[in-house]
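I opened a new page for this protein today.

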Amino acid sequence: MIFMASQTPTPPPVAPKGKPMEDDGGSVVAEKQLQKTKPPQMYQVVMLNDDYTPMEFVVVVIQEFFNKDKETATQIMLKIHLDGKGVCGVYSKDVAATKVHQVQDAARQAGHPLQCLSEPVE
Ligand code: TYC
(Lines give C-alpha, C1' and ligand atoms only; values in the text may rest on other atoms or scores of the structure.)
Protein backbone atom coordinates (compact mmCIF):
# COMPACT_ATOMS: atom_id res chain seq x y z
CA MET A 1 0.00 0.00 0.00
CA ILE A 2 1.27 3.50 -0.84
CA PHE A 3 0.66 6.46 1.52
CA MET A 4 1.18 9.96 0.26
CA ALA A 5 1.62 12.98 2.46
CA SER A 6 -0.84 15.71 1.59
CA GLN A 7 1.64 18.35 2.73
CA THR A 8 5.39 18.39 3.03
CA PRO A 9 6.30 19.02 6.69
CA THR A 10 7.70 22.47 7.45
CA PRO A 11 10.66 22.67 9.83
CA PRO A 12 9.95 24.35 13.21
CA PRO A 13 10.97 27.99 13.45
CA VAL A 14 14.39 28.64 14.90
CA ALA A 15 15.08 31.48 17.30
CA PRO A 16 18.43 33.23 17.36
CA LYS A 17 20.44 31.82 20.32
CA GLY A 18 19.64 33.49 23.62
CA LYS A 19 16.77 35.55 22.26
CA PRO A 20 13.09 34.96 23.03
CA MET A 21 11.00 33.97 20.03
CA GLU A 22 7.41 34.83 19.22
CA ASP A 23 5.39 31.98 17.77
CA ASP A 24 2.30 32.44 15.59
CA GLY A 25 0.01 32.57 18.63
CA GLY A 26 1.89 35.51 20.07
CA SER A 27 3.27 33.58 23.05
CA VAL A 28 6.94 33.98 23.98
CA VAL A 29 9.32 31.03 24.13
CA ALA A 30 12.44 31.64 26.15
CA GLU A 31 15.47 29.64 25.20
CA LYS A 32 18.20 29.37 27.82
CA GLN A 33 21.67 28.13 27.00
CA LEU A 34 23.08 26.22 29.96
CA GLN A 35 26.87 26.38 30.40
CA LYS A 36 27.96 22.73 30.41
CA THR A 37 31.75 23.00 30.56
CA LYS A 38 34.12 25.26 32.45
CA PRO A 39 37.79 25.74 31.77
CA PRO A 40 40.00 23.30 33.74
CA GLN A 41 41.46 24.38 37.06
CA MET A 42 45.06 25.48 36.53
CA TYR A 43 47.93 24.98 38.99
CA GLN A 44 50.89 27.25 39.71
CA VAL A 45 54.24 25.80 40.62
CA VAL A 46 55.61 27.79 43.56
CA MET A 47 59.28 27.60 44.52
CA LEU A 48 60.38 28.29 48.08
CA ASN A 49 63.48 30.07 49.32
CA ASP A 50 66.04 28.42 51.56
CA ASP A 51 69.43 29.45 52.90
CA TYR A 52 71.52 26.72 51.26
CA THR A 53 70.62 26.14 47.59
CA PRO A 54 73.00 28.17 45.38
CA MET A 55 71.39 30.96 43.35
CA GLU A 56 72.96 29.69 40.13
CA PHE A 57 71.45 26.24 40.65
CA VAL A 58 67.96 27.77 41.07
CA VAL A 59 68.44 29.84 37.90
CA VAL A 60 69.42 26.73 35.90
CA VAL A 61 66.46 24.74 37.29
CA ILE A 62 64.03 27.50 36.34
CA GLN A 63 65.54 27.72 32.84
CA GLU A 64 65.50 23.96 32.34
CA PHE A 65 62.13 22.94 33.77
CA PHE A 66 60.10 26.12 33.25
CA ASN A 67 61.51 27.07 29.83
CA LYS A 68 62.61 30.56 30.85
CA ASP A 69 65.54 32.48 29.42
CA LYS A 70 68.43 33.30 31.76
CA GLU A 71 67.27 36.86 32.47
CA THR A 72 63.70 35.83 33.34
CA ALA A 73 64.95 32.89 35.43
CA THR A 74 67.29 35.22 37.34
CA GLN A 75 64.43 37.65 38.05
CA ILE A 76 62.22 34.81 39.32
CA MET A 77 65.05 33.45 41.49
CA LEU A 78 65.71 36.90 43.01
CA LYS A 79 61.99 37.37 43.72
CA ILE A 80 61.98 34.01 45.56
CA HIS A 81 65.18 34.95 47.42
CA LEU A 82 63.68 38.26 48.56
CA ASP A 83 60.01 37.33 49.13
CA GLY A 84 60.42 33.74 50.33
CA LYS A 85 58.54 32.23 47.39
CA GLY A 86 57.63 32.79 43.75
CA VAL A 87 55.63 31.34 40.86
CA CYS A 88 57.72 29.59 38.21
CA GLY A 89 54.84 28.66 35.87
CA VAL A 90 51.15 27.76 35.53
CA TYR A 91 50.04 24.37 34.13
CA SER A 92 47.35 21.72 34.17
CA LYS A 93 47.28 19.66 37.38
CA ASP A 94 49.29 16.72 35.99
CA VAL A 95 51.94 18.85 34.33
CA ALA A 96 52.37 20.96 37.49
CA ALA A 97 52.82 17.79 39.59
CA THR A 98 55.44 16.52 37.11
CA LYS A 99 57.37 19.82 37.31
CA VAL A 100 57.41 19.61 41.13
CA HIS A 101 58.87 16.09 40.96
CA GLN A 102 61.43 17.05 38.33
CA VAL A 103 62.66 20.01 40.41
CA GLN A 104 62.82 18.00 43.62
CA ASP A 105 64.62 15.08 41.96
CA ALA A 106 67.22 17.43 40.43
CA ALA A 107 67.69 19.21 43.79
CA ARG A 108 68.11 15.96 45.75
CA GLN A 109 70.55 14.58 43.18
CA ALA A 110 72.65 17.73 43.54
CA GLY A 111 72.36 17.61 47.34
CA HIS A 112 70.32 20.82 47.73
CA PRO A 113 67.24 21.29 49.95
CA LEU A 114 65.30 23.29 47.31
CA GLN A 115 61.52 22.88 47.73
CA CYS A 116 58.61 23.58 45.44
CA LEU A 117 54.89 22.84 45.44
CA SER A 118 51.85 23.21 43.22
CA GLU A 119 48.64 24.96 44.21
CA PRO A 120 45.39 25.82 42.41
CA VAL A 121 45.32 29.25 40.78
CA GLU A 122 42.60 31.50 42.34
N1 TYC B 1 68.51 32.00 49.26
C2 TYC B 1 69.45 31.24 48.44
C3 TYC B 1 70.84 31.75 48.62
O4 TYC B 1 71.04 32.85 49.14
C5 TYC B 1 69.07 31.28 46.94
C6 TYC B 1 67.73 30.67 46.65
C7 TYC B 1 66.86 31.32 45.81
C8 TYC B 1 67.40 29.42 47.15
C9 TYC B 1 65.63 30.77 45.48
C10 TYC B 1 66.15 28.85 46.86
O11 TYC B 1 64.10 28.96 45.69
C12 TYC B 1 65.29 29.53 46.02
N13 TYC B 1 71.85 30.98 48.21
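My entries below go from the whole chain down to single residues.

**Ground rules**

I am working with a predicted model, in which local features need pLDDT of at least 70, side-chain atom pairs count only at pLDDT 80 or more, and totals for chains, interfaces and linings use all residues. I number residues from 1 along each chain as its sequence is written, and my side-chain values use heavy atoms, with hydrogens and water left out.

**Confidence**

I looked up the pLDDT (the predictor's confidence in each residue, from 0 to 100). The protein chain averages 85, and 75% of the residues score at least 70. Over residues 1-23, though, the pLDDT is below 50. I count a contact when heavy atoms are within 4.5 Å; beyond near neighbours in sequence, residues 1-23 have 14 contacts in the model.

**Overall layout**

I took helices (H or I, at least four residues) and strands (E, at least two) as DSSP runs, numbered from the N terminus. I get three helices and five strands in the protein chain. Read from the N terminus on, the order is β-β-β-α-α-β-α-β.

How much of the contact total links residues 24 or more positions apart? My note says 61% of the contacts in the protein chain with a separation of 6 or more.

For burial I use relative accessible area: buried is under 20%, exposed is over 50%, and partly exposed is in between (1.4 Å probe, protein chains only). On that scale, 27% of the 122 residues of the protein chain count as buried. Accessible areas come from the Shrake-Rupley method with a 1.4 Å probe, and for residues only the protein chains shown count as cover. The accessible surface of the protein chain comes to about 9,400 Å², and 56% of that belongs to carbon and sulfur atoms.

**The cysteines**

I went looking for disulfides (pairs of cysteine sulfur atoms within 2.5 Å). The structure holds zero. For Cys88, the nearest cysteine sulfur is that of Cys116, 7.0 Å away. Is Cys88 buried or exposed? Cys88 counts as buried, because its relative accessibility is 1%.

Cys116 lies in strand β5, residues 115-120. Cys116 is buried too, as its relative accessibility is 5%. I then checked what surrounds Cys116: leaving aside neighbours within four places in sequence, its contacts are Val45, Val46, Met47, Val100, Val103 and Gln104. Val45 is 71 residues away from Cys116 along the chain, yet their C-alpha atoms are separated by 6.9 Å.

**Salt bridges**

My cut-off here is a side-chain nitrogen of Lys or Arg within 4 Å of a carboxyl oxygen of Asp or Glu. How many salt bridges does the structure hold? I find two.

One joins the side chains of Glu56 and Lys70 at 3.9 Å, N to O. Glu56 sits in helix α1 (residues 55-66) and Lys70 in helix α2 (residues 70-83), so this pair ties together parts that are 14 residues apart in sequence. Glu56 is partly exposed at 43% relative accessible area, and Lys70 is partly exposed at 42%.

The other joins Asp83 and Lys79 at 3.0 Å, N to O. Asp83 and Lys79 are separated by about one helical turn, because they are four residues apart in helix α2. I have Lys79 down as partly exposed, at 40% relative accessibility.

**Start of β4**

Lys85 is in strand β4 (residues 85-91). With 46% relative accessibility, Lys85 counts as partly exposed. Beyond neighbours within four places in sequence, Lys85 is in contact with Val46, Met47, Leu48, Lys79 and Ile80.

Most residues other than glycine have a negative phi. Asn67 has a positive one, near 55°. I found Asn67 in the loop between α1 and α2, and at 63% relative accessibility Asn67 counts as exposed.

**A surface patch**

A patch is made of residues with over 30% relative accessible area and no salt bridge, where like charges are joined within 9 Å and nonpolar side chains (Val, Leu, Ile, Met, Phe, Trp, Tyr) within 5 Å. Which residues form the nonpolar patch on the surface? I wrote down Met42, Val87, Val90 and Val121, with about 260 Å² of accessible area together. Met42 is in the loop between β2 (28-29) and β3 (43-48), and at 31% relative accessibility Met42 counts as partly exposed.
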